[in-house]
Amino acid sequence: MVTRRVSLEGALKTESCLAMVSHFARRLSLSSTITSATPSYITLILTGDERLIDMFEIACWLGPDDVSIDTITLETV
């Protein structure tokens, strides 16, 4: 079990992006806490299996259509 700070940057439609983040975390059985959210930057803390956190990152790159993510940064907490 690991904990990572995940930062998403780009043209983020906050409501849509937060729904995506919550959905992917739930589907991957990750504990998530959103620490900040703006239209260009979202930060959250994820706890769970390291491989599933990697899958979460990949899923974020794929959607939704109205969100354009430029950068995803993961840091060990």
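The questions and answers below concern a predicted model.

Colleague: Which residues have the most contacts inside the largest nonpolar core?
Modeller: The largest nonpolar core has 21 residues. Strand E1 (2–11), helix H1 (14–27), strand E3 (41–48), H2 and strand E4 (68–76) each supply at least two residues of this core. The residues with the most contacts inside the core are Leu8, Leu46, Phe56, Cys60 and Ile69.

Colleague: Which element gives the most to this core?
Modeller: In soluble globular proteins, nonpolar side chains tend to be buried together. Here several elements, including strand E3 and H2, supply at least two core residues each. The element that gives the most, with 5 residues, is H1.

Colleague: Which residues does Leu46 touch, leaving out those up to four places away in sequence?
Modeller: Leu46 is listed among the core residues with the most contacts. Beyond four places in sequence, Leu46 touches Val2, Thr3, Arg4, Val6, Ala25, Leu30, Ser31, Ser32, Ile53 and Phe56.

Colleague: Is Thr43 buried or exposed?
Modeller: Thr43 lies in strand E3. With residues up to four places away in sequence left out, Thr43 touches Arg5, Val6, Ser7, Thr33, Ile34, Thr35 and Ser36. Because its relative accessibility is 7% and the cut-off is under 20%, Thr43 counts as buried.

Colleague: Where is Trp61, and how does Trp61 count at 43% relative accessibility?
Modeller: Trp61 is found in helix H2 (residues 50–62). Together with Ile58 and Leu62, Trp61 forms a nonpolar patch on the surface, with about 360 Å² of accessible area for the three together. Since 43% falls between the 20% and 50% limits, Trp61 counts as partly exposed.

Technical notes. Residues numbered from 1 in each chain as written. Predicted model: local features only at pLDDT ≥ 70, side-chain atom pairs only at ≥ 80, totals over all residues. Heavy atoms only, no water. Patch = residues over 30% accessible without salt bridge, like charges linked within 9 Å, V, L, I, M, F, W, Y side chains within 5 Å. Areas by Shrake-Rupley, 256 points an atom, 1.4 Å probe, with all protein chains shown as cover. Salt bridge = Lys/Arg side-chain N within 4 Å of Asp/Glu carboxyl O. Helix = DSSP H or I, 4+ residues; strand = E, 2+ residues; numbered from the N terminus. Buried < 20%, exposed > 50% of the residue type's maximum accessible area, 1.4 Å probe, protein only. Core = buried A, V, L, I, M, F, W, Y, C linked by side-chain atoms within 4.5 Å. Contact = heavy atoms within 4.5 Å.
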